[in-house]
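Here is a short report on one protein model.

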Amino acid sequence: MKRKEKAERIQTMLEELYPETPVPLDHESPFQLLVAVLMSAQTTDLKVNQVTPELFRQGPTPEKMAKLEVATIQSLIREVGLAPTKAKNIRRLSELLIERHQGNIPNTFEELEALPGVGHKTAGVVLAQAFNIPAFPVDTHIHRLAARWGLSNGKNVDQTEKDLKAVFPKDAWNDLHLQIIFFGREYCPARFHDLSQCPICSWAATKKRINEEAKMNKPKSKKSKRNT
Ligand code: SF4
């Protein structure tokens with residue numbers, strides 16, 4: 001099956017499975033979304049949603065956040081990983097938003113990526129979810145699934161993003177970003193499972209992926225390590 005045909009079938013399935021695509025990170029403004037996405041690196045959305053109510057009560061806007069001490073921000077977000085770095089970035093980013101953008105959130109990759117702690121994926125999520133600008137933010141989970149489904153053989157997330165943008169229609173990119181994440185969370189254990197039981201891999205998995213899974217499922221000596 002050609003890559004494009006696969007993509008069409010996957011898109012149809014994902015639309016049936018996830019007709020609604022609610023944004024997983026709680027927020028009430030583009031600024032709060034930006035801060036929440038920045039905090040979501042190396043932690044779960046659930047954890048971020050647990051700390052943001054108090055963080056956004058004390059620092060709902062760039063102006064108010066910039067007035068908080070870094071130590072205060074750090075203590076409010078201490079339960080998310082990398083809190084010291086994230087706290088510094090949140091404070092500095094708030095100051096820069098005031099200096100450069102009158103407290104508004106810019107809506108271009110270039111301006112967003114110039115802010116501390118904001119990489120390409122974070123910028124893409126903000127553009128997609130705050131401004132409805134088509135982007136296809138690719139994290140490691142989407143990167144892995146795109147490879148397993150044979151939609152990309154990209155060695156890195158940048159190449160995978162290009163491949164996915166080439167096979168899916170632009171007006172579906174923002175929804176697909178979330179639909180693939182939802183599917184991964186619901187269906188994809190990290191390792192050791194039966195591909196034939198999966199709604200997508202049962203027909204879309206690459207031969208390489210099928211062989212890898214078969215190898216992983218073979219009994220191993222006690223000392224051997226399991227890798228995905
Ligand atoms: S077979 Fe496994 S990895 Fe592939 S999509 Fe299904 S659950 Fe995910």
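## Fold

Read along the sequence, the pattern is α-α-α-α-α-α-α-α-α-α-α-α-α. The protein has 13 helices and zero strands. Helices (H or I, at least four residues) and strands (E, at least two) are DSSP runs, numbered from the N terminus. This is a predicted model: local features need pLDDT of at least 70, side-chain atom pairs count only at pLDDT 80 or more, and totals for chains, interfaces and linings use all residues. Residues are numbered from 1 along each chain as its sequence is written.

The C-alpha atoms fill a box of roughly 55 × 45 × 30 Å along the principal axes. Of the 228 residues, 32% are buried. A residue is buried if 20 or more other C-beta atoms lie within 10 Å of its own, exposed if 12 or fewer, and partly exposed in between, with C-beta atoms placed from the backbone.

## Helix 1

Helix 1 covers residues 3–17. Its end C-alpha atoms are 21 Å apart, close to the 21 Å expected at 1.5 Å a residue. The expected span is 1.5 Å times one less than the number of residues.

Ala7, Ile10 and Leu14 are buried in helix 1. Seen down the axis, the buried residues fall within an arc of 70 degrees, so they line one face of the helix. The arc is that of the directions from the helix axis to the C-beta atoms. The face turned away from the buried side carries the exposed residues Glu5, Thr12 and Glu16. The buried residues pack against helix 10 (157–167), helix 11 and helix 12 (201–204). Contact means C-beta atoms, placed from the backbone, within 7 Å.

What covers them includes helix 2 (30–39), helix 7 (109–113) and helix 11 (173–187). Just after helix 8, Asn132 takes a positive phi of about 55 degrees.

The largest nonpolar core has 48 residues, and Leu34 and Val126 have the most contacts inside it. Helix 2 gives this core its largest share, eight residues. Such a core is a set of buried Ala, Val, Leu, Ile, Met, Phe, Trp, Tyr and Cys residues joined through C-beta atoms within 7 Å. Beyond its neighbours within four places in sequence, Leu34 is in contact with Ile105 and Val126.

## Ligand shell

The residues around the ligand are Arg148, Tyr187, Cys188, His193, Leu195, Cys198, Ile200, Cys201 and Ala205 (C-beta atom, placed from the backbone, within 6 Å of it). Seven are nonpolar, one is polar and one is charged. Ala, Val, Leu, Ile, Met, Phe, Trp, Tyr, Cys and Pro count as nonpolar, Asp, Glu, Lys and Arg as charged, and the others, Gly among them, as polar.

Definitions and conventions:
Two residues are in contact if their C-beta atoms, placed from the backbone, lie within 7 Å.
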